[in-house]
Number of protein chains: 2
Amino acid sequence: MTELRETVESYWAAAEARHWLAFGDTLAEDVLFDLPQTRERIRGRKRFVQFNCEYPGDWHIRVHRLIADDASGQVVTWSHATVGFEQKYAVTFFTGDEEGRIASITEFWPEAYEPPPGREHLVERY
Amino acid sequence: MTELRETVESYWAAAEARHWLAFGDTLAEDVLFDLPQTRERIRGRKRFVQFNCEYPGDWHIRVHRLIADDASGQVVTWSHATVGFEQKYAVTFFTGDEEGRIASITEFWPEAYEPPPGREHLVERY
């Protein structure tokens, strides 16, 4: 059995390389992909591969940190994405099935914002 | 030595209970707290406890998922926060020191947004 950690590494490498067959191989047939910020859900490998394949722009993803919990079969990645000149963060929660394929993905895209006033005495900006 | 997983559980329980002494005990003296979305950083236990203690509003945090990578000493939590009637997500990356205290925290607060057009044929809304 492949560890979910390795599956997730293959998932990101295949996405970055646009190797859609290899990408699909990392996914369970009935994979669920959720975007809680927009309340969007994609059901199934076929639709989810198409979603990635059709995603517009010259995007690139670099995994900054990967945390794997072997006991519970969960992996999280913190990635840096670029779309043209735009830079974004992505945080992705994976669960696996019994074959070590990806069973569910929940992804967050936190955006930059200005801090609220009142805490300048405690923080520095970088 | 306390596992970082247990330290993080104590961290959230103490925050929710406003037990600031217990909260401070989970933190390394020179803990670093980063908010990449606002590019804010807080250095040190004293300032970070004060930041939490002074944080405005009747906020509550419930951990929805906790992923612990014992090999690399990292923990991630996905939490549901409420501030009055407002509901938000928080994703928090922790690293630990040799005593099992929290050495660094990086926190994301992804906000709701409307999905871009062009993918309605693949997604459903929930």
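Over all chains, the structure holds 28 aromatic pairs, a pair being two rings of Phe, Tyr or Trp (its six-membered ring) with centres within 6.5 Å, classed as stacked for planes under 30 degrees apart, edge-to-face for over 60 and tilted for the rest. One of them joins A:Phe48 and A:Phe51, which counts as stacked because the ring centres are 6.3 Å apart and the planes lie at 15°. The model is predicted, so that local features need pLDDT of at least 70 and side-chain atom pairs count only at pLDDT 80 or more, while totals for chains, interfaces and linings use all residues. Residues are numbered from 1 along each chain as its sequence is written, chains are lettered from A and ligands numbered from 1 in the order in which they are written, and side-chain values use heavy atoms, with hydrogens and water left out.

A:Phe48 and A:Phe51 both belong to helix 3 (residues 45–54) of chain A, where three residues, about one turn of the helix, separate them. Helices (H or I, at least four residues) and strands (E, at least two) are DSSP runs numbered from the N terminus. A:Phe48 is buried, with 1% relative accessibility, and A:Phe51 is buried at 7%; buried means under 20% relative accessible area, exposed over 50% and partly exposed in between (1.4 Å probe, protein chains only). A:Phe51 also forms an edge-to-face pair with A:Tyr55, at 5.7 Å centre to centre and 75° between the planes. A:Tyr55 is partly exposed, at 36% relative accessibility.

Strand 1 (residues 27–35) and strand 2 of chain A run antiparallel and are joined by four bridges; strands are taken to pair if DSSP finds at least two bridges between them.

The hairpin of strand 1 and strand 2 of chain A has four residues between the strands. A:Arg39 lies in this loop and has a positive phi near 55°, although the residue is other than glycine. Its relative accessibility of 43% makes A:Arg39 partly exposed. A positive phi of about 55° is also found at A:Arg18, likewise not a glycine. A:Arg18 lies in the loop between helix 1 (4–17) and helix 2 (20–25) of chain A and is partly exposed, with a relative accessible area of 28%. Most residues other than glycine have a negative phi.

An open sheet of seven strands with mixed pairing has the order 7(A)-2(B)-1(B)-6(B)-5(B)-4(B)-3(B). Its edge strands, each pairing on one side only, are strand 7 (124–125) of chain A and strand 3 (59–69) of chain B. Within chain B, strand 1 (residues 27–35) and strand 6 (residues 102–108) pair in the parallel sense over four bridges, and B:Asp34 stands opposite B:Thr106 in strand 6. Helix 1 (residues 4–17) of chain B lies across strand 1, strand 3, strand 4 (74–83), strand 5 (86–96) and strand 6 of chain B. This helix runs at about 175° to strand 3 of chain B, with axes fitted as lines to C-alpha atoms, for helices over the stretch in contact, and angles running from 0 to 180 degrees between N-to-C directions.

A:Trp78 is located in strand 4 (residues 74–83) of chain A and is buried, at 6% relative accessibility. Beyond its neighbours within four places in sequence, A:Trp78 is in contact (heavy atoms within 4.5 Å) with residues of both chains, including A:Val63, A:Tyr89, B:Phe93, B:Thr106 and B:Phe108. The C-alpha atoms of A:Trp78 and A:Val63 are 6.1 Å apart, at a sequence separation of 15 residues.

The structure holds zero disulfides over all chains, a disulfide being a pair of cysteine sulfur atoms within 2.5 Å. A:Cys53 is partly exposed, with a relative accessible area of 46%, and B:Cys53 is partly exposed at 47%.
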